[in-house]
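Biologist: I'm new to this one, could you put it up on the screen and take me through it?

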Amino acid sequence: MTICSFHPPLRTLMGPGPSDVSERVLQAMARPTVGHLDPSFIGMMDETKQLLQYVFQTKNELTFAVSAPGSAGMECCFANLVEPGDKVIVCQNGVFGGRMKENVERCGGIAVMVQDDWGHAVDPSKVEDALKANPDACLVAFVHAETSTGAQSDAKTLVELAHNHGCLTIVDSVTSLAGTPLKVDEWGIDAIYSGSQKCLSASPGLSPVSFNQHAADKIKRRTTKVQSWFLDLNLVMGYWGGEGKRAYHHTAPVNCLYGLHESLVIVQEEGLENSWDRHQRNHVALRDGLEQMGINFIVAKQDRLPQLNAVTIPEGVDDAAVRSRLLNDFDLEIGAGLGSLAGKVWRIGLMGHASSQKNVDFCLNSLRAVL
Ligand SMILES: *Cc1c(COP(=O)(O)O)cnc(C)c1O
């Protein structure tokens with residue numbers, strides 16, 4: 001049997017990620033591969049760092065893209081910042097907080113869980129209680145934009161609380177970056193990770209991260225080696241940092257980085273604030289259309305993410321049948337429920353390039369036709 005080239009169908013991606021990748025980004029990724037230590041490539045990496053500093057709204061020197069998807073950015077933060085015996089307050093209001101717990105424990109840390117119902121924001125008063133009850137905690141970790149439920153937490157307040165109790169912060173911004181206001185320096189976030197394939201609309205496979213001086217100092221003070229060789233920041237920085245003299249650590253995913261660079265150039269052209277506004281505008285249009293169809297949101301209005309709309313599946317409707325008809329008849333992907341919300345909700349993404357009035361109309365019309 002001869003296996004032929006793979007040609008994927010042309011879908012519209014309105015799920016929880018990956019989001020639609022624009023033609024410009026795809027074309028950038030098709031440009032010739034150069035060596036990862038080629039001076040031209042190093043120049044592009046420096047620009048990528050500057051552009052990441054812009055989207056994160058930070059001056060942090062330690063800002064770069066981990067060569068792997070968002071989950072690796074998560075591991076990078078925990079592996080470097082958590083030492084055996086460290087106590088970490090982990091806020092959980094969905095799937096990804098649970099993964100943070102796993103990370104803490106695999107690094108030999110102790111996770112103190114603060115639980116909130118799925119679909120709700122993290123409750124700052126519960127976090128404050130946990131901080132008071134655990135004066136020996138050194139880190140607070142939470143998810144800014146819970147993609148599994150569509151709820152947004154108040155990152156600024158949570159970071160302030162953590163600092164008041166002498167803790168550093170690890171923030172998951174995989175779904176929030178470029179989709180919703182996020183100000184790393186102004187809010188004082190110590191360590192943050194994101195992903196290339198959500199509101200940046202680059203291809204999956206890269207995880208932008210940023211660490212401030214307090215986080216870098218904690219890493220320098222470590223008395224044990226970072227348990228992951230690949231994600232050890234001391235080693236990675238010899239590759240991404242160090243003006244001019246870059247040492248081989250691993251081979252960067254060269255073409256994937258062309259794509260991230262282009263996606264960041266696109267955000268810069270639009271303007272970060274305009275991107276946030278566009279996500280909000282299209283969310284409102286989708287919300288109005290869905291509510292007219294009698295489809296309701298699971299998250300209270302003030303905590304809703306504009307880029308991830310979690311809605312209750314109408315009574316008597318077959319979840320899987322609707323999603324497969326959307327895919328087969330309309331080439332439209334929307335997301336299923338995750339974890340305890342499986343079978344109960346749909347997650348409609350309006351992320352990055354996919355957040356457009358055209359897609360809002362397309363999704364509403366397709367859903368109406370199928371239902
Ligand atoms: C998607 C996502 C991740 C994981 O990113 P991958 O690129 O799938 O590894 C982590 N946290 C949140 C909140 C996400 O939405």
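Biologist: Which residue caps the N-terminal end of α9?

Modeller: Asp232 does, with a side-chain oxygen 3.0 Å from the backbone nitrogen of Asn234. Please keep in mind that this is a predicted model, in which local features need pLDDT of at least 70 and side-chain atom pairs count only at pLDDT 80 or more, while totals for chains, interfaces and linings use all residues. Residues are numbered from 1 along each chain as its sequence is written, and side-chain values use heavy atoms, with hydrogens and water left out. Helices (H or I, at least four residues) and strands (E, at least two) are DSSP runs, numbered from the N terminus.

Biologist: Which residues of α9 are buried?

Modeller: Leu233, Val236, Met237, Tyr239 and Trp240 are buried in α9, where buried means under 20% relative accessible area, exposed over 50% and partly exposed in between, with a 1.4 Å probe and protein chains only. Seen down the axis of α9, these buried residues fall within an arc of 155°, so they line one face of the helix; the arc is that of the directions from the helix axis to the C-beta atoms.

Biologist: And what do the buried residues of α9 pack against?

Modeller: They pack against α2 (39-56), β2 (62-66), α3 (70-81), β10 (207-211), α8 (213-220) and α10, with contact meaning heavy atoms within 4.5 Å.

Biologist: Where is Arg246, then?

Modeller: Arg246 sits in the loop between α9 (233-240) and α10 (254-270), and at 10% relative accessibility Arg246 counts as buried.

Biologist: Switching to the ligand, which residues are around it?

Modeller: Pro69, Gly70, Ser71, Phe96, Val143, Ala145, Thr147, Asp172, Val174, Thr175, Gln197 and Lys198 are around the ligand, each with a heavy atom within 4 Å of it.

Biologist: How many Å from an oxygen atom of the ligand is the polar side-chain atom of Lys198?

Modeller: For Lys198 the distance is 2.7 Å, while a side-chain N or O atom of Thr147 is 2.3 Å from a ligand oxygen and one of Thr175 is 3.2 Å from a ligand oxygen. A polar contact is a pair of N or O atoms within 3.5 Å; within protein, one must be able to donate a hydrogen and the other to accept it, and residues adjacent in sequence count only if both atoms are side-chain atoms.

Biologist: Is Ser203 buried or exposed?

Modeller: Ser203, in the loop between β9 (191-193) and β10, is buried, with a relative accessible area of 13%. Leaving aside residues up to four places away in sequence, Ser203 touches Val21, Met29, Ser196, Gln197 and Cys256.

Biologist: What about the strands, how many residues of β3 are buried?

Modeller: Six of the six residues in β3 (residues 87-92) are buried. Lys87, Ile89 and Cys91 point one way from β3, and Val88, Val90 and Gln92 point the other way.

Biologist: Which strand does β3 pair with in the parallel sense?

Modeller: β3 pairs with β4 (residues 110-115) over six bridges, where two strands count as paired if DSSP finds at least two bridges between them. The bridge partner of Cys91 in β4 is Val114.

Biologist: In what order do the strands of the open sheet come?

Modeller: Its four strands come in the order β1-β12-β13-β11, with mixed pairing. β1 (12-14) and β11 stand at the edges, each with a single partner strand, so one side of each is left without a neighbour in the sheet. Between β11 and β13 (residues 345-349), which run antiparallel, there are five bridges, and Thr312 stands opposite Val345 in β13.
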